[in-house]
Amino acid sequence: MELWNSRKIPYSVMTHIRWGSGEYWKNGIACNVHKAGMGIIEDRSHFLVDNLFSCFPGTASSGTPDYSKLWLKGHRLPDNPIGDEKIDLSESEIDKTTVGLSSDDVVLYTNLCLSEGRDFLAAIAVKERERQIQLNIFSLDNGMMVFNHELNKKVGKMEFHGNRLFIVASSIYVFSMEDDKQWHYSGVIGDGGMNIFHKLQKCIIADHILYLYYNGRLLVRYDLRDCHKMDTIDGKQWENPIEGENVTSLRRTTPWTANNSPRQKDILSKVGNDSFQAISYGDGRLIVESEGEQQYELSRGAILLMDAAISSDGRSAATLGFHSVGTKRKIQLWDLDNEKRVADFACPSIVKNIHLSENGKWLMGETDDSTWVLNSESRNEIWYGEHFVSNHTGKLITYGDKVIRKKENDLYLFDLKSGNEEWLESPTPNPSMVCFLPDRTLAAVDKKGQTLHLWSTRDGNLLSQYMDGSTILSIQPIQSKPFIAVFTNDQKIRIYHTGVRKQYDKMQCLIKEAGETNAKQMVAHQERPLIACTDGRRYLETRFFKEWTSGGKDKGLWEQNKFRGNRHIIDGDILDIAFNLYNQQIVAILSNGKIMYCSDTHCKYIDSFNIIAAFNVDSYDFSRCSCSNDLRISLTRNGTYCKPS
């Protein structure tokens with residue numbers, strides 16, 4: 001078994017072993033490899049466990065894997081499908097990395113560069129929080145990192161030329177692969193205050209010398225073996241350059257910076273073509289694909305959610321996994337009162353946004369022009385060739401089992417359970433957004449999205465309010481007061497009295513422009529004059545209507561409370577927020593798989609836990625594994641059981 005634990009098995013060999021081994025978990029080769037790793041701890045079993053996971057996935061024909069009595073710390077469990085038997089983890093040592101909950105700062109990979117023979121992949125690894133920048137070189141023979149070097153310089157570009165790698169930053173860093181196939185740091189060119197890129201016209205490599213030709217009839221030569229400056233020659237040298245490899249492309253470009261960082265699910269860098277390519281993502285993943293199939297996962301990154309939805313009472317939530325398997329994507333249903341996963345579902349992979357009914361019974365997923373609906377109790381699903389009407393851009397509000405749908409210019413209250421529908425009277429034709437007021441009349445936004453219409457709760461007259469050219473993003477009734485809150489794209493919350501034509505208050509909400517986002521939103525408490533809003537990234541706040549009596553008159557103002565907690569707690573994009581009436585808290589779901597609880601009035605951080613979305617938890621038996629108490633609590637919240645050690 002020394003082969004299995006000496007190094008990572010190359011992809012081509014791994015594929016051959018996998019397909020040639022048949023029922024490898026039924027007294028086959030996988031059982032022998034597993035037996036060899038039982039009881040071996042820490043680094044001595046590192047490659048064996050990695051090779052075991054990669055070579056022998058659980059399938060219908062292979063038999064049920066057995067990961068008992070293994071040192072699994074530092075290895076993420078594979079996403080095996082649910083079979084008749086759960087995968088045994090008894091007496092195995094696991095940690096947060098094993099279940100995909102590593103709390104380490106995510107490493108972002110930029111400036112991807114393939115060597116000429118596609119033997120190596122170079123990447124710049126950036127840890128934003130620690131402000132570390134490092135060069136990583138991976139062997140594409142086995143997917144292992146073979147070289148790393150601290151740079152701590154912002155990098156503009158990287159290029160392989162022969163057996164050398166050039167990194168262009170404020171200077172040119174040179175790395176060489178020697179005859180022993182090992183990479184080494186050769187040195188830096190231009191480190192010493194000299195701007196080697198100023199008036200640089202041409203770069204040539206001949207033998208082991210780099211020739212830099214400048215516009216001012218100057219030639220500077222560097223020895224690439226140690227990067228020392230050999231000499232400077234005056235004259236019209238650039239008119240008759242030496243014969244060699246033209247590397248003028250090494251001239252400096254704008255470096256990648258953290259300010260350019262995209263959202264977590266976006267591509268950061270890509271190199272290659274459709275037949276062979278390497279791709280890095282904003283969540284820290286770094287993968288290599290061959291002919292459309294993933295060959296290596298060089299970095300697994302953070303676990304991402306594509307979307308999340310919280311019921312309007314804050315008691316239930318649904319989370320949509322980012323990764324799809326075949327034509328399906330995983331949805332997990334959560335009991336937010338008790339902080340626990342209660343069910344898993346699968347939706348079509350074309351669904352990118354999900355919504356949850358206020359009673360938690362209906363899951364809805366949207367595509368560009370249709371809506372997928374699932375009953376969580378019967379698991380029956382149906383497609384509707386439309387989007388339902390809501391009170392919020394990007395967030396669907398329901399009323400028990402009912403939604404509001406539009407037919408031509410008319411609105412109907414549609415019962416998803418019975419199929420019955422009831423015509424609704426709208427204060428404006430063909431509205432783009434609607435909500436029910438406490439008296440069950442409708443408030444509506446015109447089709448242009450800039451004017452609010454409603455019937456006065458005092459005399460029934462039509463009231464209209466133009467938003468000065470701003471687009472309305474959300475309208476929310478304040479249930480305990482005759483108010484309606486209007487959230488617009490000019491970063492303002494306007495509060496209107498529903499009985500008189502008077503703006504009660506105007507508030508500036510600190511919502512920063514964040515590019516494409518599904519969560520620039522505002523929600524209102526169902527019982528109290530309380531509002532929460534977020535920019536969909538890292539900002540969260542509440543506004544509470546504070547009242548008092550002075551001189552025999554009732555007075556009030558909106559009190560602002562920004563998020564109170566460590567700034568690193570909100571470490572993912574905020575996908576959805578809601579007030580939980582049962583626990584008197586505000587709940588937020590983050591894109592990196594965290595569910596966070598804060599006090600509802602003062603927005604003070606209380607608690608959070610992480611969603612296990614890296615694999616199917618129900619495929620494994622955690623009851624007798626060994627782990628920390630914190631991890632045991634996380635496993636319990638994710639719907640499984642781990643017996644205290």
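Author: Happy to! This is a predicted model. Let's start with F622: leaving aside its neighbours within four places in sequence, F622 is in contact with L77, L89, I94, V99, F615, V617, L635, T640, Y641 and C642.

Reader: And which residues have the most contacts inside the largest nonpolar core?

Author: Those are F56, Y67, L72, L77, F615, F622 and L635, in a core of 31 residues. The elements giving two or more residues to this core are α3 (29-37), α4 (46-55) and α5. Of these, α4 gives the most, with 5 residues.

Reader: What other core lies apart from it?

Author: There is another one of 21 residues, and I133, F147, V155 and F160 are among them.

Reader: Back to α5, which of its residues are buried?

Author: Helix α5 covers residues 629-637, and its buried residues are L631, R632, S634, L635 and R637. They pack against β21 (328-335), β22 (340-348) and β45 (605-610). After α5 comes G639, with a positive phi near 90°.

Reader: New topic: sheets! What is the strand order in the open sheet of 4 strands?

Author: The order is β2-β3-β4-β5, and the pairing is antiparallel. β2 (107-114) and β5 (145-150) are at the edges with a single partner strand each, so one side of each has no neighbour in the sheet. From one strand to the next, the twist averages 25°.

Reader: How many bridges do β3 and β4 share?

Author: β3 (residues 120-127) and β4 (residues 132-139) pair over 8 bridges, in the antiparallel sense.

How values were computed: Residues numbered from 1 in each chain as written. Predicted model: local features only at pLDDT ≥ 70, side-chain atom pairs only at ≥ 80, totals over all residues. Heavy atoms only, no water. Pairing = 2+ DSSP bridges. Axes fitted to C-alpha atoms, helices over the stretch in contact; angles between N-to-C directions. Buried < 20%, exposed > 50% of the residue type's maximum accessible area, 1.4 Å probe, protein only. Contact = heavy atoms within 4.5 Å. Core = buried A, V, L, I, M, F, W, Y, C linked by side-chain atoms within 4.5 Å.
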